[in-house]
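User: I'm new to reading structures and would like a guided tour. Could you take me through a few features one by one?

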Amino acid sequence: MDIVSIRDFSRAQIEHVLDVAERMLPVAKGDEKSKLLDGKVLGSLFYEPSTRTRLSFEAAMARLGGKSLGFDEPKGSSVAKGETLADTIRMVDAYCDAIVLRHPQEGAARLAGHFAAKPVLNAGDGAGQHPTQTMLDLFTIRKSKGKIDGNHVVIVGDLKYGRTVHSLSEALAMFGAQLTFVAPPTLQMPKEHLKHIQSMGIKPKSGTDLTEAVKDADVLYVTRIQKERFPDPAEYQKVAGAFKIDPALLKDAKKDMIIMHPLPRVNEISPEVDKTPNAKYFEQAFNGVPVRMALLAMVLGAVE
Amino acid sequence: MKEFKVTPIRNGTVIDHIQVGTALKVLRIIGVKEDVSSTVSVLMHVPSKKAGWKDIVKIEDRELDPKELDKIALISPDATINIIRDFNVAEKFVVEVPQKIVGIMKCANPGCITNKNEPVEPEFVVESKKPITLRCIYCDRITTDISENVI
Ligand SMILES: Nc1ncnc2c1ncn2[C@@H]1O[C@H](COP(=O)(O)OP(=O)(O)OP(=O)(O)O)[C@@H](O)[C@H]1O
Ligand SMILES: [Mg+2]
Ligand SMILES: [Zn+2]
């Protein structure tokens, strides 16, 4: 079983992963010890740098008693000498029990899955899919709110290029959450993607006014707006100001609204927000561990 | 016989009802170039009894292989293949868009792993036949611009 795209999962299957992740929590926190993956080896191939995803996969493996090996940049490895991904995968497949892959090319994880006999977990392929991120986001919402459906989720930031928000909004639509997309005019959700979400029976709202959208939100999901997307620095400054999460913005929000961010943040969320009970982004980052523990245990056949 | 604008052929293939304007793409697909060694006639923009205008390609002494037929189906789903033997239409069939498209088109997404020298054939699922919409099984990108990407 490979974990390549969130689209490969039904709602019931995702819910099952979240249930298993829930059971992993005491071990993820270090309160209990586990030998569930004793003797298992994870091949961790990061063709692009990633701090959170790689460390949480390796932490998940270690918490379950397994080991990880691999690289976090292809420099110096056979990859730098021009080896194809297919060949690297065939080799690692022989050394490990499962493979986690981050790669700049879209579709890389699906390709790896074709060449590996062992399970492949996609840790992000270019502008494509990043399913474990989506699952930990869903886990965080369910943990804080008790459920996913029925929540009004406002997603703000770079909705045009942000891969996290595409997979997440699809999954949220599948769960029947209400969606509002807030972005600067040039970074709005692509039409194709909106259509896809509508085809799932959801009528998302789109806009540019964050203050207005926040008033009715149960979840505020913030993503980074990259400077490079704006040829004019003054234009970037304006946009960055209009989409900043600070205590003033939270005045009109529901008391129990949660704020999420896939991190790293630059200055989308002011540090004063960190100590409010609304801030869930550090817990969200931690949740990567139990969710990835659940997925590793499942693909390695240690739990159903 | 008065409808013939070109000399009849003894043996070969007539590709009829080609979507008007795509005859040159059909020639590219079947590999007709300067070095062609059999007679090929191309009729472009001829009136069609079925639908407005069409193109026709006639090739002597040649039958098409399944990959070529699949490619023609992709760019001109209503094309009719007439196999001519001894001046008569010996076989006639309409091309058919296959369920799975393997190795006859590249992915339109430049960032797709299949465009990077990996030992795989690009592969697509047909999401819709009219208009032809293909989804790359690797990167999920939808391609509608078929003729630009036929290999
Ligand atoms: N010997 C031949 N040489 C060249 N072209 C031929 C020959 N025989 C038939 N054709 C062409 O092949 C095509 C199919 O011939 P056919 O006699 O089946 O016509 P049709 O009844 O109009 O067929 P359709 O219903 O497919 O349009 C026509 O375009 C015709 O001009
Ligand atoms: Mg006719
Ligand atoms: Zn592709």
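User: Let's start with the ligand: how far is the polar side-chain atom of B:Lys58 from a nitrogen atom of ligand 1?
Analyst: The idea here is a polar contact, a pair of N or O atoms within 3.5 Å; within protein, one must be able to donate a hydrogen and the other to accept it, and residues adjacent in sequence count only if both atoms are side-chain atoms. Here, a polar side-chain atom of B:Lys58 sits 3.0 Å from a nitrogen atom of ligand 1. Keep in mind that this is a predicted model, where local features need pLDDT of at least 70, side-chain atom pairs count only at pLDDT 80 or more, and totals for chains, interfaces and linings use all residues. Residues are numbered from 1 along each chain as its sequence is written, chains are lettered from A and ligands numbered from 1 in the order in which they are written, and side-chain values use heavy atoms, leaving out hydrogens and water.

User: Which residues are closest to ligand 1?
Analyst: A residue is near a molecule if one of its heavy atoms lies within 4 Å of it. Ligand 1 has 14 residues around it, and the closest are B:Ile9, B:His17, B:Lys58, B:Phe87 and B:Lys92. For B:Lys92, an N or O atom of the side chain is 2.7 Å from an oxygen atom of ligand 1. The side chain of B:Asp16 has an N or O atom 3.2 Å from an oxygen atom of the ligand.

User: Now helices. At what angle do H2 and H11 of chain A pack?
Analyst: Helices (H or I, at least four residues) and strands (E, at least two) are DSSP runs, numbered from the N terminus. Axes are lines fitted to C-alpha atoms, for helices over the stretch in contact, and angles run from 0 to 180 degrees between N-to-C directions. In chain A, H2 (residues 52–63) and H11 (residues 281–299) pack at about 55°, with axes 8 Å apart. Angles under 35 degrees count as roughly parallel, over 145 as roughly antiparallel, 65 to 115 as roughly perpendicular and the rest as oblique. So H2(A) and H11(A) are oblique to each other.

User: Which residues of H2(A) and H11(A) meet?
Analyst: Contact means heavy atoms within 4.5 Å. On the H2(A) side, A:Phe57 and A:Met61 are among them, and H11(A) brings residues including A:Val289 and A:Leu296. The contact of H2(A) with H11(A) divides into eight nonpolar, three polar and three charged residues. For these classes, Ala, Val, Leu, Ile, Met, Phe, Trp, Tyr, Cys and Pro count as nonpolar, Asp, Glu, Lys and Arg as charged, and the others, Gly among them, as polar.

User: How do H3 and H4 of chain A cross?
Analyst: Their axes come within 9 Å and cross at roughly 50°, so H3(A) and H4(A) are oblique to each other. A:Ile89 is one of the H3(A) residues in the contact, and A:Leu111 is one of those in H4(A). By class, this contact has seven nonpolar, no polar and two charged residues.

User: Last topic: which peptide bonds are cis?
Analyst: Most residues other than glycine have a negative phi, and most peptide bonds are trans. In chain A, a cis bond joins A:Leu263 and A:Pro264, with omega about 5°. A:Pro264 is in the loop between strand E9 (258–260) and H11 of chain A. A:Leu263 lies in that loop between E9 and H11, and has a positive phi of about 60° although it is not a glycine. In chain B, the bond from B:Lys130 to B:Pro131 is cis, with omega near -5°. B:Pro131 is in the loop between strand E7 (123–128) and strand E8 (133–136) of chain B.
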